[in-house]
Amino acid sequence: MLPWLPPFPVHFPPVEEALGDPDGLLAAGGALTPEWLLAAYRRGIFPWYGDDQPILWWSPDPRMVLRPEELRVRRSLAKRLRNAGFTVTADRAFDAVVAACAGPRDGQPGTWITEAMRQAYGHLHALGAAHSVEVWQGERLVGGLYGVALGPVFFGESMFSREPDASKVALVRLARAMASGGGRLIDCQMHTAHLASLGARDIAREAFIGYLEEWLGRPGEDAASTDRFLPACWSFATLEGPPAPNDRTP
């Protein structure tokens, strides 16, 4: 039976108790406050649910991750980085990026980025925990991504493109900023062929949780004392600007 979490206190069951079918479903209930969300990410848990559902918490096994230094930039993407006229910013249009990620997509009747989710991540952004990367062509927002940054880990939530490869450009700039600033891992949550083509790979949930405990500390029973916000170890300002003229494939 799926555990039901009251709105207080903040407490999750062990991730090892997550269901195998559907993969990673751990619990329902709780709340989307910063306290709940920060506690979740530090434990390798994230919310994902629809408008007609309660808050659902997930910790899939395996977990798809991308090490920044293992990002795969193919020749065609490197060419777009150099020649497409993109400019990249960070945290300049967080709400617009989230709204774009929540927009309709081919083959998807709805969105999991509900209004409650948009407000919740807006609160995290105001606290400095959630960040966006924007890709522009002139004054037009054409791509981007958003997620939560804690220490050396970026927990990716969603990305969008209105021009070919625009979201990939955002990911490239994020990965390179992380690699140069001590970032260790981008959490991609669940497997997709798109992310695998960029160098992401599946690892066991146990290994993923081990990385989080090593880099962020082992959470205790008292979430209020152990789930303090830990800022990103890299600067988001370093990924801003036009791509370097000499950008090449690794």
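Modeller: P34, L37, L38 and Y41 in helix 1 meet A120, Y121, H123, L124 and L127 in helix 4. Contact means heavy atoms within 4.5 Å. By class, this contact between helix 1 and helix 4 has 8 nonpolar, 1 polar and no charged residues. Ala, Val, Leu, Ile, Met, Phe, Trp, Tyr, Cys and Pro count as nonpolar, Asp, Glu, Lys and Arg as charged, and the others, Gly among them, as polar.

Biologist: Before we go on, what kind of model is this, and how are residues numbered?

Modeller: It is a predicted model, in which local features need pLDDT of at least 70 and side-chain atom pairs count only at pLDDT 80 or more, while totals for chains, interfaces and linings use all residues. Residues are numbered from 1 along each chain as its sequence is written, and side-chain values use heavy atoms, with hydrogens and water left out.

Biologist: What counts as a helix or a strand?

Modeller: Both are DSSP runs numbered from the N terminus: helices are H or I with at least four residues, and strands are E with at least two.

Biologist: At what angle do helix 1 and helix 4 cross?

Modeller: The axes of helix 1 (residues 34–42) and helix 4 cross at roughly 80° and come within 10 Å. Axes are lines fitted to C-alpha atoms, for helices over the stretch in contact, and angles run from 0 to 180 degrees between N-to-C directions. Helix 1 and helix 4 are therefore roughly perpendicular to each other (65 to 115 degrees; under 35 is roughly parallel, over 145 roughly antiparallel and the rest oblique).

Biologist: Is helix 1 largely enclosed or exposed?

Modeller: Helix 1 is largely enclosed by the rest of the structure, because 8 of its 9 residues are buried. Buried means under 20% relative accessible area, exposed over 50%, and partly exposed in between, with a 1.4 Å probe and protein chains only. The buried residues in helix 1 are P34, W36, L37, L38, A39, A40, Y41 and R42.

Biologist: Where is R43, and what does its side chain reach?

Modeller: R43 lies in the loop between helix 1 and strand 3 (46–47). The side chain of R43 reaches the backbone oxygen of A39 at 3.0 Å. R43 is itself buried, with a relative accessible area of 16%.

Biologist: Which residues of helix 3 meet helix 4?

Modeller: F94, V98 and A99 in helix 3 meet R118, Y121, G122 and H125 in helix 4. That contact has 4 nonpolar, 2 polar and 1 charged residues. The axes of helix 3 (residues 94–101) and helix 4 (residues 115–127) cross at roughly 150° and come within 11 Å. Helix 3 and helix 4 are therefore roughly antiparallel to each other.

Biologist: Changing topic, which peptide bonds are cis?

Modeller: Most peptide bonds are trans. Among the cis ones are the bond from D21 to P22, with omega near 0°, and the bond from D61 to P62, with omega near 10°. P22 is in the loop between strand 1 (4–5) and strand 2 (25–29), whereas P62 is in the loop between strand 4 (56–58) and strand 5 (63–66).

Biologist: And what about phi at D91 and Q189?

Modeller: Most residues other than glycine have a negative phi. D91 has a positive phi near 60°, and Q189 has a positive phi of about 70°. D91 is in the loop between strand 6 (87–90) and helix 3, while Q189 is found in strand 10 (residues 185–189).

Biologist: Is each of them buried or partly exposed?

Modeller: D91 is partly exposed, with a relative accessible area of 26%, whereas Q189 is buried at 10%.

Technical notes:
A polar contact is a pair of N or O atoms within 3.5 Å; within protein, one must be able to donate a hydrogen and the other to accept it, and residues adjacent in sequence count only if both atoms are side-chain atoms.
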